[in-house]
Amino acid sequence: MREFGILDYLYRQSVSNASECLKPIKAESWRTLDLGDFLGIFSIYAAGSPPVIKEHPSDVVARRNDPATLNCAASRGARIRWFKDGEEVATSSQDSRSHRVLLPSGSLFFLRVSTTRRDSDAGTYWCVASNGYGATRSHNATLTIATLAYDFQNQAEAVIKASVGDSVRLPCSPPRGTPSPKVTWLRDGQVVKNSTRISVTDAGDLVIRHLVHQDSAHYVCRARNAAGSREASPSNLIVMTPPWFEQRPSNITVASGVEVEMACLTRGSPEPKVTWRRLDGKMPLGGVTVEDQRLVLRQVTAADSGVYVCEAENEAGIATAQATLSVLDAPELTQRPQDLQVMAGRESELQCRVEGQPKPMVFWRLPTLDRTAVLTPGHTSGHTSVSSNGYTLTLRHADTQDTGTYYCWGVSSGGGVSGRAEVVVVSALPPPVVGVGPQDLTVGLGGVATFPCEVVSEAADVNITWWFRAAAHLQPIQLTQNVIEPRISLPENGALIIKDVRREDAGMYSCKVMAATGNVQQSAVLQVVEGPVQLETPLLPAPPSKPRLLGLNQTAVELSWLPNSQGGEAQHQWYSLEYWRQGWPQWREANAVIMQESSVVNQLTPGHTYIFLVRAVNSKGASFPSPWSDPVTTRAPRDPSLTADQVRQARRRLIRSIVSLTAATATAPSSVQLNWAFLAPTEDWVEGVLVYWVAEGGSVEVATVLGPSSSSHLRRLLPNTRYTFFLVPFWRSVEGTPSNSITLTTPEDVPVAAPGEVRVTQKEEGLVLIQWSSLDEGEARGRVIGYQVMLTYNGSHSTQTVANPWLEVRTLKPGQIYTVRVAGLTGAGIGPFSAPVMLEARQALDALGTGENGGSVLYAPPQPAWLAYLLIPLVFLVLVATLWYLRRLRHKAPPSSTTHAPDLYTDPSINMYSDHKLWRPPESDKDSSLSSSRLLRPDQLVNEYAEPRVHRPNQTAEPYATTALLAPPSPRAPWRHHSVDSGVQVNWSAILPPPPSCPPPDPDPEDLKPQGQSCSTSSQYDNMGASDQYGRPCDTSSQHTYEVYTPVAPSDRYTSAEPSPDRFLTFNTLQGRGDHMVQVECHSPRTTEQPRSNTH
């Protein structure tokens, strides 16, 4: 090709079928062709070339008996023929029976694709286009007849089960077909798409890895080609999930008699089957059902306590959960309190023993309108106290106001019980009663006469005596057991026995009973006859039962009783009723003949307490008295209390447990939410419940909840306190049996106060110890877990948390001022911070004030740092100026004056600088006039001590004390220092002289004699009108003149003639009374004897 030109190549191609071939043209010749040559060559080529295939046939897949077309198109004027597998295809134009048609465009159309063995249209086809210049062959095309069988070669099972997390392969071998069918999978009618877990293999299998529950579905394998599509039988993939618990059973603790539901909600695939069993195998037979996987036990008892197991099972596995049911028995009253009648002023006890598991708490409800009057074990209210175990309530010095109904409550988490006792405190006990008294007797001479006298009395000591009266006009004679006369005997049972009866024994015999509660007497007549007398022992009826109250009002009481079962013929007996009221000396008979076992006693006094007894009577006599009734108090006028029948019915309905406390939840550190449920309908006999909560210390609080409410939100509780809650239903004034109790501890709260006594000590250079007092339990309101210490310096804060009430700090900057604040920390948070304490960190160990090595703490409110920097230099300058001024005054001599001096110190018996001076002046003041000038010059800013009052030898010394006299304001000293405002403490001890070490001793009379020259004055110092005169000390080296105050206008009340020893004038009072200053001249003493010390 490289040796020929392009046109030569084209020419040869175009005339390849011609008979004569052109000779090759050299490349050099090609370069010599011009435009005319080109046009000539193309005209030749266009006019005589073979046809060009414009559209080649392509492969066709057709279904059997379906039409098909093989396309072929050539240039204009070309003849097209079709060939199959090398043989020309016969079309309908050549054979009318042929189903192949040559279309005008040159395409081969099949009316129906045939697949018979004799004639099959499947094969390789091509078309040939020809004209006068040649022929052109097209590309090959294949006609394929699509087929697809109906049966899958392999497919998945109808049901496939697998567990979560496993991998599963669903096989699918499609039916045979031409072309090979394409496999797709459908999941519940939707095409499955490939993902990281799900894929379809080349063979058509569906692979699902790491199964999840959502993979459960119906899967279908679909095979598709041109012949159609086929779907395999659906496969149900069940992804099994082992059972799991959506709600597990929880441990339950309930009181006996309630209904219990133990929840057990399970899930799984397939749905698990739930069964309940008990670990010990003793599942209760009655009252147990399973409802929606829940185990329901009705009217549980202590025998139902145990461990119950919920078991869920399916094909994927088994799951079990267990819970413990604890049925608590309600407390049991093993000893009920008994009704009691107490003498006023005496001591008595009520016993109440409550047993149970868990051990119940015992409370005593006192008979007051205050419903918080509940005593816990070990507590006392007034003269009523409860023992430490709660079983005994003691009334000391009982009073009539203690009368009422006492309730003994036993409360535990298993329930509650209640016992009650009526206590009546009376000012006097009933008098004794003669149970079986003497009866009239007729005895023959020489016989034996017996008179019984059996007594029933509340008194401990009863004295029974017998008296004999021969005639009514004669005095009775007391009978005693005489050894000389053995015919009369008095046995211990109180009877009188007379043996060998004589005529003179006839008469009246009286049995007198005397006791502290009263006296009673009963008499009988003895008749003595000649001849024997047949004595018959009377058969008395048996006593009836104790009378009980049926009803009462202000003036009447209805009682009933039962006959004695051993009484014999009850139809021939009747009853008599006796009663007693406080203040009566003896029992009275209310009704002598009562034919039935009940009676109404009328005409009683309202508001009084009565006691009743009944006797059975027949023709032989009266029986022994019945037990005394309980004290019955008639209703006071206009008493709004209930009738006895209403009270009895209310108590009967409220005696059983009708309310159960179900939950107690702490909603805040000081509030608790209570929920309860009523166990029986309570519309008629329950007005509400009393909510009691008892603190760990024994304090009792109560809240009243009216109506059918089933919850209460209690507030104002103490944080971090253990409380016991229980309920008591009530109707009017009648209280029922308490419910079960729930005990919980309220949450902690933040401390309510800050730690106190914050103090700072510098132990060594760079080390500061901060200490404070711990919070008490009431302030902490929780368990103190630490303290937060905040150090503030120049606006920046640093906080440290420590467990102990102290902190060592080593990072303070010397010369800087810090503020320290401390706060307590509990589990609920941090409490308030303490007041700021200022701390100055210094380098020297002695710079800080209160510790062993020095320390300084300024207790001051928060102040800016610049204020402290300003005040400290100012205070220092003021102190320096003050010292300089005082030093100048000490060296300044007082002016001399010849002014007439008053006779203030003219008493020669007093010399303050003698051997017996009042006290020794400081050494620094002996050689100067400072001591005197301080006392006598009020215009100077100095302090001095007042001189004591001097007594004469014949006077009694008064108590001695020193007083610091502050000078009044003076124009010469206008500046005043306020240490409080500045926040800096001034050491005044450096300015003020020290006080005397001891008071002056009483002067000796001998020592009061003049021993030298003393100061003399022309005026007397008016010491509240006293006549004492004072001698002034004089210096040994010089003479001084002192300024003193002397009154110029004596007061009308206090004059020299009327002394007032109870008052001593100071400089302030002298100025207020109009005193003026005078001059006092002092001369040197004559003697130089060393004064004697008065130091003790």
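Predicted model: local features only at pLDDT ≥ 70, side-chain atom pairs only at ≥ 80, totals over all residues.
Close-up 1. For background, strands of a sheet pair through backbone hydrogen bonds, in either a parallel or an antiparallel arrangement.

**Close-up 2. Cys221, a buried residue of β21.** Staying with strand β21, this view picks out Cys221. Is Cys221 buried or exposed? With a relative accessible area of 2%, Cys221 is buried. Leaving aside residues up to four places away in sequence, Cys221 touches Phe152, Cys172, Val183, Thr184, Trp185, Arg230, Glu231 and Ala232. Ser173 is 48 residues away along the chain, and its C-alpha atom is separated from that of Cys221 by 9.0 Å. Arg230, one of the residues touched by Cys221, has its charged end over the ring of Tyr150, 3.9 Å from the ring centre.

**Close-up 3. A three-stranded open sheet.** The strand order here is β14-β20-β19, and the pairing is antiparallel. Which strands stand at the edges? Those are β14 (168-170) and β19 (198-200); each has a single partner strand, so one side of each is left without a neighbour in the sheet. From one strand to the next, the twist averages 15 degrees. Between β19 and β20 (residues 206-208) there are three bridges, in the antiparallel sense. Ile198 has Ile208 in β20 as its bridge partner.

Close-up 4. Tyr579 and Phe612 form another stacked aromatic pair, at 6.0 Å centre to centre and with 25 degrees between the planes. This one also links distant parts of the chain: Tyr579 belongs to strand β55 (residues 574-581) and Phe612 to strand β58 (residues 609-618), 33 residues apart. Tyr579 and Phe612 are both buried. Elsewhere, Phe363, Trp409, Tyr692 and Phe726 come together in one aromatic cluster.

**Close-up 5. A lysine over a tryptophan ring.** What sits over the ring of Trp467? It is the charged end of Lys512, 4.6 Å from the ring centre.

Close-up 6. Ser598 belongs to strand β57 (residues 598-601). At 22% relative accessibility, Ser598 counts as partly exposed, because the buried class stops at values under 20%. Once residues up to four places away in sequence are set aside, Ser598 touches Leu559, Ser560 and Trp561. Leu549 is 49 residues away along the chain, with 9.9 Å separating the C-alpha atoms of Leu549 and Ser598.

Close-up 7. A search of the whole structure turns up 27 salt bridges. In one of them, Asp505 pairs with Arg487, and the closest N and O atoms are 2.8 Å apart. The pair links distant parts of the chain, 18 residues apart: Asp505 is in the loop between β50 (496-498) and β51 (507-515), and Arg487 is in the loop between β48 (477-479) and β49 (488-489). Both residues, Asp505 and Arg487, are buried.

Next, the side chains of Arg732 and Glu687 meet in a salt bridge at 3.5 Å, N to O. Arg732 lies in the loop between β66 (722-731) and β67 (734-735), and Glu687 in the loop between β62 (671-678) and β63 (688-695), so the pair ties together parts that are 45 residues apart in sequence. Arg732 is partly exposed, at 43%, and Glu687 is partly exposed as well, at 32%.

A further salt bridge joins Arg759 and Glu757, whose closest N and O atoms are 4.0 Å apart. Arg759 is partly exposed at 34% relative accessibility, while Glu757 is exposed, with a relative accessible area of 61%.

**Close-up 8. A salt-bridge network.** Which residues are linked in a network of salt bridges? They are Glu259, Glu261, Glu291, Arg294 and Arg298.

Note on methods
Residues numbered from 1 in each chain as written. Heavy atoms only, no water. Phe/Tyr/Trp six-rings, centres within 6.5 Å; stacked < 30°, edge-to-face > 60°. Helix = DSSP H or I, 4+ residues; strand = E, 2+ residues; numbered from the N terminus. Buried < 20%, exposed > 50% of the residue type's maximum accessible area, 1.4 Å probe, protein only. Lys NZ or Arg CZ within 6 Å of the ring centre and 35° of its normal. Contact = heavy atoms within 4.5 Å. Pairing = 2+ DSSP bridges. Axes fitted to C-alpha atoms, helices over the stretch in contact; angles between N-to-C directions.
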